[in-house]
Amino acid sequence: MKKILALVLAVMMMVVAAGCGGGDQAASSGSGSGAASSGGKQITMGFSQIGAESEWRTANTESIKQAAQDAGVNLQFSDAQQKQENQIKAIRSFIAQGVDIIAFVPIVETGWDTVLKEAKDANIPVIVVDRDVKLADDSLYVAKIGTDSLTEGKNVFKWIDEYMTKENKKPRDGGSQYNVVILEGTVGSSVAIRRNEGFKDAMAASPNAGKYNILASQTGEFTRQKGQEVMESFLKSYGDKIDVLYAHNDDMALGAIQAIEAAGMKPGKDITIISVDGVKGIFQAMIEGKSNCTVECNPLQGPLLMETAKKILNGEKVEKLVYVDEGIFPADVAEKTLPERKY
Ligand code: GYE
């Protein structure tokens, strides 16, 4: 009887030990194999992406997934299909799960106060990625990693202004002003707001401000399809008056190029085209002479995001705002640059 009892006890102890060992092993093998760790356990990050509206966004998602894998971070990825309410739901479920850290791309600027307060109350740090948020209390997030949309918008105007002057372009309607149409990004997104603001600020500050007339400006929702549709309607209303197209992203410019060709005009010649992002598709279009310039916006934010998350969870101080580096690529460097492009 005693022997049986001893045997049962021994087996029980083995089971308990194995259980603990298993747990320890899972935790330590995480850090041992270079996995991200906070206090020895693998980091779980809840990440809410807005969707897959553009080539840029696909590159952004891939960068984040790859960087999580490289850093050994357990990434809980959620796709919001372009809806803020889905993002709020995802963030709430990350809080309920008790993830270590939350990161998200805010589809629009406002409406985040309540859910971010819930994350703060649950002691879960938040990193804002890519776009900006507008909050009453900025302590609701720890860090923001992204791009400088205001500068991008300014650079667009400066490039256009130099180009039109250098090429000695004549307004197509025979008047004294260049007519500009704008395809804007998602309504209410910080990117669409700032890319407009930057463009208009630079225009107002230029001695050539009077040479430009913004004929029409409408959202194309950052997609190729919508960009094409809205450009079709611009062409119907203003056809041979349009001198310049500014598209808030390359995908909308690519859609617009199709609309311009279908209307029997030459994109990149009859209508000067500039857009933002720097995706491979627009480099190809520039090589074919169908677009004139892209102002880069860098989507490869994954490595910096993982590094920042680790620092925050290790109690290190991080910068509140970090912008990634970006360049400007006119058509004459497209062919040389395309092979080096990573997205
Ligand atoms: O320019 C556009 C995308 O938020 C900076 O979103 C990003 C923008 C990017 O869909 O292509």
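The following legends describe an overview and close-up views of a predicted model.

**Figure 1. Overview of the predicted protein chain.** The protein chain contains 11 helices and 14 strands (DSSP runs numbered from the N terminus, helices being H or I of at least four residues and strands E of at least two). Of its 343 residues, 50% are buried (under 20% relative accessible area with a 1.4 Å probe, protein chains only; exposed is over 50%, and partly exposed lies in between). Among contacts (heavy atoms within 4.5 Å) with a separation of 6 or more, 74% join residues 24 or more positions apart. Residues are numbered from 1 along each chain as its sequence is written, and side-chain values use heavy atoms, without hydrogens and water. Because the model is predicted, local features need pLDDT of at least 70 and side-chain atom pairs count only at pLDDT 80 or more, whereas totals for chains, interfaces and linings use all residues.

**Figure 2. Packing of helix H2 (residues 55-71) with helix H10 (residues 302-313).** The two axes come within 7 Å and cross at roughly 45 degrees (axes are lines fitted to C-alpha atoms, for helices over the stretch in contact, with angles from 0 to 180 degrees between N-to-C directions). H2 is therefore oblique to H10 (angles under 35 degrees are roughly parallel, over 145 roughly antiparallel, 65 to 115 roughly perpendicular, and the rest oblique). The crossing of H2 and H10 is right-handed (the near helix is turned clockwise from the far one by less than a right angle). H2 contributes Ser63, Ile64, Ala67, Ala68 and Ala71 to the contact, and H10 contributes Gly302, Pro303, Leu305, Met306 and Lys310. By class, the contact of H2 with H10 comprises 7 nonpolar, 2 polar and 1 charged residues (Ala, Val, Leu, Ile, Met, Phe, Trp, Tyr, Cys and Pro are nonpolar, Asp, Glu, Lys and Arg charged, and the others, Gly among them, polar).

Figure 3. Lys144 is buried because its relative accessibility is 3%. The side chains of Lys144 and Asp132 are joined by a polar contact of 2.4 Å (a pair of N or O atoms within 3.5 Å; within protein, one must be able to donate a hydrogen and the other to accept it, and residues adjacent in sequence count only if both atoms are side-chain atoms). Beyond four places in sequence, Lys144 touches Val128, Asp130, Arg131, Asp132, Lys320, Leu321 and Val322. Between the C-alpha atoms of Lys144 and Val318 the distance is 9.9 Å, with 174 residues separating them in sequence.

**Figure 4. Loop residues Thr147 and Asn249.** Thr147 lies in the loop between S7 and helix H5 (149-166) and is buried, at 2% relative accessible area. Asn249 occupies the loop between strand S10 (244-247) and helix H8 (250-262), and is buried at 1%. Residues up to four places away being excluded, Asn249 touches Ser54, Arg195, Phe222, Ser275, Val276 and Asp277.

**Figure 5. Positive phi at Gln82 and Glu221.** Most residues other than glycine have a negative phi. Gln82, not a glycine, has a positive phi of about 65 degrees; this residue is in the loop between strand S4 (74-79) and helix H3 (84-97) and is partly exposed at 33% relative accessible area. Glu221, also not a glycine, has a positive phi of about 55 degrees. Glu221 lies in the loop between strand S9 (212-219) and helix H7 (224-238), and is partly exposed at 38%.
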